[in-house]
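Please read it alongside the model.

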Amino acid sequence: MEGEKRAKSRERNKAAEEEKVYQELASAFGKRGIQALIIEAALPEIEEDANRLLGRMTDNLLHLKLESQRTTQRGESVETLDIHISDELGTRSYEMFSGGEAFRINFALRIALSKLLARRAGAPLPTLVIDEGFGTQDSAGREKLIEALNSIQDDFQCILVITHLEDLKDLFPVRIEVTKTAQGSTYVVR
């Protein structure tokens with residue numbers, strides 16, 4: 001029985017060591033491990049690219065800050081992703097901006113994220129598609145959005161803008177105009 005007890009004790013010690021290894025692996029691959037480090041490393045790049053584009057669309061009136069950690073009322077640090085936007089009135093949360101402003105913020109973030117993912121994958125980002133994004137913009141916002149598109153056009157082989165706004169079609173040098181008919185939709189390339 002003494003020999004069996006020693007053998008079981010060795011097995012238990014070996015299992016405890018293995019458990020420590022598995023706990024370390026679980027921690028490293030958990031939400032506060034490697035993935036948190038990757039996110040932390042990516043946020044400054046995303047923020048910089050998004051702010052560059054956002055500045056073009058807003059005459060440098062809007063600036064965003066991405067924060068991945070927040071201190072709770074208990075003083076503990078928790079993982080989060082907060083988007084704080086500053087303008088001439090101060091810093092407010094994303095939810096406090098109008099539809100047109102929110103669209104420009106979204107647009108800047110999406111382009112920045114797309115560029116980051118393409119760079120990290122080592123792949124080109126050939127096409128940008130914007131579907132009905134201009135309806136939320138006033139005329140000044142539309143103009144700034146067009147300027148922003150023009151400023152990033154060299155980053156893409158093709159930019160497709162889908163819109164039903166008649167006053168926008170002359171702003172693009174090449175258009176595919178789709179017309180709905182009783183026999184089906186037709187198109188003309190101009």
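Contact means heavy atoms within 4.5 Å. By that criterion, Phe-103 touches Ile-130, Gly-133, Thr-136, Gln-137 and Leu-145, leaving aside residues up to four places away in sequence. This is a predicted model, in which local features need pLDDT of at least 70 and side-chain atom pairs count only at pLDDT 80 or more, while totals for chains, interfaces and linings use all residues. Residues are numbered from 1 along each chain as its sequence is written, and side-chain values use heavy atoms, with hydrogens and water left out.

**Phe-103**

- Phe-103 sits in helix 3; helices (H or I, at least four residues) and strands (E, at least two) are DSSP runs, numbered from the N terminus.
- Phe-103 counts as buried because its relative accessibility is 17%, where buried means under 20% relative accessible area, exposed over 50% and partly exposed in between (1.4 Å probe, protein chains only).
- Between Phe-103 and Phe-134 there are 8.8 Å in space, C-alpha to C-alpha, and the two are 31 residues apart in sequence.

- Two packed helices are described by the angle between their axes and the distance between the axes.
- Axes are lines fitted to C-alpha atoms, for helices over the stretch in contact, and angles run from 0 to 180 degrees between N-to-C directions.
- The axes of helix 3 and helix 4 cross at roughly 10° and come within 11 Å.
- Helix 3 and helix 4 are therefore roughly parallel to each other; angles under 35 degrees count as roughly parallel, over 145 as roughly antiparallel, 65 to 115 as roughly perpendicular and the rest as oblique.
- On the helix 3 side, Phe-103, Arg-104, Phe-107, Ile-111 and Lys-115 meet Gly-141, Leu-145, Leu-149 and Ile-152 of helix 4.
- The residues of this contact divide into six nonpolar, one polar and two charged; Ala, Val, Leu, Ile, Met, Phe, Trp, Tyr, Cys and Pro count as nonpolar, Asp, Glu, Lys and Arg as charged, and the others, Gly among them, as polar.

**Helix 4**

- Helix 4 (residues 139-152) has 14 residues and reaches 20 Å from first to last C-alpha, close to the 20 Å expected at 1.5 Å a residue; the expected span is 1.5 Å times one less than the number of residues.
- The buried residues in helix 4 include Leu-145, Ile-146, Ala-148, Leu-149 and Ile-152.
- Among the elements covering the buried residues of helix 4 are helix 2 (34-58), helix 3 (99-121), strand 4 (127-131) and strand 5 (158-162).

**Helix 2 with helix 3**

- Helix 2 and helix 3 pack with their axes 8 Å apart, at an angle of about 135°.
- That angle makes helix 2 oblique to helix 3.
- The residues of the contact of helix 2 with helix 3 divide into 16 nonpolar, one polar and six charged.
- Residues of helix 2 in this contact include Ile-38, Ala-41 and Leu-53, and those of helix 3 include Arg-104, Phe-107 and Ile-111.

- Ser-68 lies in strand 1 (residues 63-71) and is buried, with a relative accessible area of 9%.
- Not counting residues up to four places away in sequence, Ser-68 touches Glu-40, Leu-43, Val-78, Glu-79 and Thr-80.
- Asp-59 is found in the loop between helix 2 and strand 1, and its phi is near 55°, a positive value in a residue other than glycine.
- Asn-60 is placed in the loop between helix 2 and strand 1, with a positive phi near 60°.
- Asn-60 counts as exposed because its relative accessibility is 64%.
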